[in-house]
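Hi,

Here is the structure I said I would pass on.

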Amino acid sequence: MTGPVTIAKIAEAAGVSVPTVSKVLNGRADVAEDTRARVEELIRTHGYRRRRASGGGRSALIDLVFHELDSAWAIEVVRGVENIAREEGLSVVLTESGGQTPRDDWVDAVLARRPTAVVLVFSDLAAEQRTRLSARGIPFVVVDPAGDPGPDMPAVGSANWSGGLAATRHLVDLGHRRIAVIGGPREVLCSKARIDGYTSALDAAGIPVDPELIRHGDFHVESGRDRGRELLALDDPPTAVFAGSDLQAMGLYEAARELGVRIPEDLSVVGYDDLPVARWVGPPLTTVRQPLTEMAEEATRMALVLARGGRPANLRLDLATALVVRGSTAPPPRR
């Protein structure tokens, strides 16, 4: 391809019409996937520069999308995104996707809004959704990805394995040997990592891993209560439980109250997240601090670097976690 690269030349090389190339450039969905891939490859190979409207063609918005917006966990993330948006003179649009992969109509709405960047929380993007956003030059970053984001997907998470290890090691050091875990959904990456940290701590202490003591919830209060009831009803119940979220730990508190189990005298509990409410429940919750606000801030900074045509030093960041010891853990009761 000689001379200036134009849409017409891209269309000729791809064997498609000019309107088809225009559809790809504008992120339209009504293009066959193989055609889209061929056109995008030619655009990358020949360095075609997409024209932008004045002001970059973008609105002064950050699109923040959650799979669900109904917990104190989400508030901490919103706070982090808004902190950076405020510094940059941007507004934040909140969207609830209704699932770990956003609906296609969400992508249509984003393309219509033309935000400066997109921050997705606990989500995955389908390949076609990534292509459509990239075709319009809209960068995206995932906070705490649900699955493996891959090496080319910008993402910010936390050291989940280390957090699970620290939580369980604390219980082992107190003398517990019958230690249970209530994780999140089986397929979610951060839950898998926390449970892997739990089993590693048991292995290191020479404590056999009992599958009966590994339960899965959904990170919400109700699943903590339900899984907690199951664990406490066992013939040989645990003396300690590592809950994969503070909300599940609070559900476990409710299950213990219903069954007359005292915390920490009869049962030690460790949570995960260190939400503000963790210090005010009774007894105050020992938990793993996940820096949710900082994670959201880093993701927003990364998205804005990409929006300005830069490339972050790292496309994947995992921020450190830390154990916060409070009143919900103690040595096991004598039996």
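Which residue is the bridge partner of A155 in β11? It is R316. Before the rest, some housekeeping: this is a predicted model, where local features need pLDDT of at least 70 and side-chain atom pairs count only at pLDDT 80 or more, while totals for chains, interfaces and linings use all residues. Residues are numbered from 1 along each chain as its sequence is written, and side-chain values use heavy atoms, with hydrogens and water left out.

**The sheet**

That bridge belongs to the pairing of β5 (residues 155–158) with β11, which is parallel and has four bridges. Strands here are DSSP runs of E with at least two residues, helices are runs of H or I with at least four, and both are numbered from the N terminus; two strands pair if DSSP finds at least two bridges between them. The whole thing is an open sheet of six strands in the order β2-β1-β3-β4-β5-β11, with parallel pairing. β2 (91–96) and β11 (316–319) are the edge strands with a single partner each, so one side of each has no neighbour in the sheet. On average, neighbouring strands are turned by 20° against each other, direction ignored (axes are lines fitted to C-alpha atoms).

Further in, β3 and β4 run parallel and are joined by four bridges, with V143 of β4 as the bridge partner of V121. β4 and β5 share two bridges, also parallel, and V142 stands opposite A155. In β4, F140 and V142 point one way and V141 and V143 the other, yet all are buried (under 20% relative accessible area, 1.4 Å probe, protein chains only). In a regular strand, side chains alternate between the two faces of the sheet.

**Helix α11**

The 16 residues of α11 (residues 292–307) should span 22 Å at 1.5 Å a residue, and the end C-alpha atoms are 23 Å apart, which agrees (the expected span is 1.5 Å times one less than the number of residues). Its buried residues, among them L292, M295, E297 and L304, pack against β1 (61–66), α4 (72–87), β3 (117–121), β4 (140–143), β5 and β11; contact means heavy atoms within 4.5 Å. G309, with a positive phi near 90°, follows α11.

**T116**

T116 sits in the loop between α5 (104–113) and β3 and counts as buried at 14% relative accessibility. Its side chain reaches the backbone oxygen of S59 at 2.9 Å. Leaving out residues up to four places away in sequence, T116 touches R58, S59, A60, L61, L90, P139, L304 and A307.

Cheers

Terms used: Axes are lines fitted to C-alpha atoms, for helices over the stretch in contact, and angles run from 0 to 180 degrees between N-to-C directions. Buried means under 20% relative accessible area, exposed over 50%, partly exposed in between (1.4 Å probe, protein chains only). A polar contact is a pair of N or O atoms within 3.5 Å; within protein, one must be able to donate a hydrogen and the other to accept it, and residues adjacent in sequence count only if both atoms are side-chain atoms.
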